[in-house]
Amino acid sequence: MSKFIVVTGAPCSGKTTFVSESITEKDIVFDWDSMKEALTYGSIDRSSRVIDSYLSEVRKAFLKVAAENTDREKIYFICVRFDSDKAAYLKELGIDYEVHEMETTKDECLERLENDDTRQNKEDLKAAIIEWFEEKENDSKSLEEKMKNLEAFLITEKEKNDYE
């Protein structure tokens, strides 16, 4: 069976570089940005919803084939956001996966963007990097709040049981 690896992280965090340094001839990769570039002959317009709808269908087809075929050692799946919908879809397809999240800081991503002359739409990418880190921070705060609520609930339940 193929090993399925989800590689996720902010724009310019090194996802594609990580995979390109890890991939062998027995592996395969789905990279949204590379696919978008191929479909548009290199003129990636990040705001193009039409291209995104095509790519969403291509991604679904890729994942279905990945679930059925085991002829590859590793299947890399590069995405900026690996959310519960993507996780549920992989589970529905019967795909066991591991997640490799890039541990790059916002400043590192912004510096990489600034120094990369091949990137188009730098202002859009800069906004996407900032948005990614804001979402991650909000998710962390939300998780912390949920943990505090759970802890308070458990303490309350324990106190109820102690009185009984």
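A surface patch is built from residues with over 30% relative accessible area and no salt bridge, joining like charges within 9 Å and nonpolar side chains (Val, Leu, Ile, Met, Phe, Trp, Tyr) within 5 Å. A salt bridge is a side-chain nitrogen of Lys or Arg within 4 Å of a carboxyl oxygen of Asp or Glu. This is a predicted model, where local features need pLDDT of at least 70, side-chain atom pairs count only at pLDDT 80 or more, and totals for chains, interfaces and linings use all residues. Residues are numbered from 1 along each chain as its sequence is written, and side-chain values use heavy atoms, with hydrogens and water left out.

**View 1. A nonpolar patch on the surface holds L39, V50 and Y54.** Together they have about 330 Å² of accessible area (Shrake-Rupley method, 1.4 Å probe; for residues, only the protein chains shown count as cover). L39 belongs to helix α2, residues 32–39. Helices (H or I, at least four residues) and strands (E, at least two) are DSSP runs, numbered from the N terminus. L39 has a relative accessible area of 47%, so it is partly exposed. Buried means under 20%, exposed over 50%, and partly exposed lies in between (1.4 Å probe, protein chains only).

**View 2. The largest nonpolar core has 17 residues.** Such a core is a set of buried Ala, Val, Leu, Ile, Met, Phe, Trp, Tyr and Cys residues joined through side-chain atoms within 4.5 Å. F4, V6, L63, F77, F82 and L90 touch the most other members. Two or more residues come from each of β1 (3–8), α3 (49–68), β3 (74–79) and α4 (84–92). Helix α3 gives the largest share, five residues. Another core, of eight residues, lies apart from this one; A10, C109, L125 and F133 are among its members.

**View 3. F82 touches V6, T8, A87, L90, Y97 and V99.** Residues up to four places away in sequence are not counted. Contact means heavy atoms within 4.5 Å.

**View 4. Helix α4 has buried residues K86, A87, Y89 and L90.** Down the helix axis, the buried residues of α4 fall within an arc of 160 degrees, so they line one face. The arc is that of the directions from the helix axis to the C-beta atoms. Their cover includes β1, α3, β3 and β4 (97–101). The face turned away from the buried side carries exposed S84, D85, K91 and E92.
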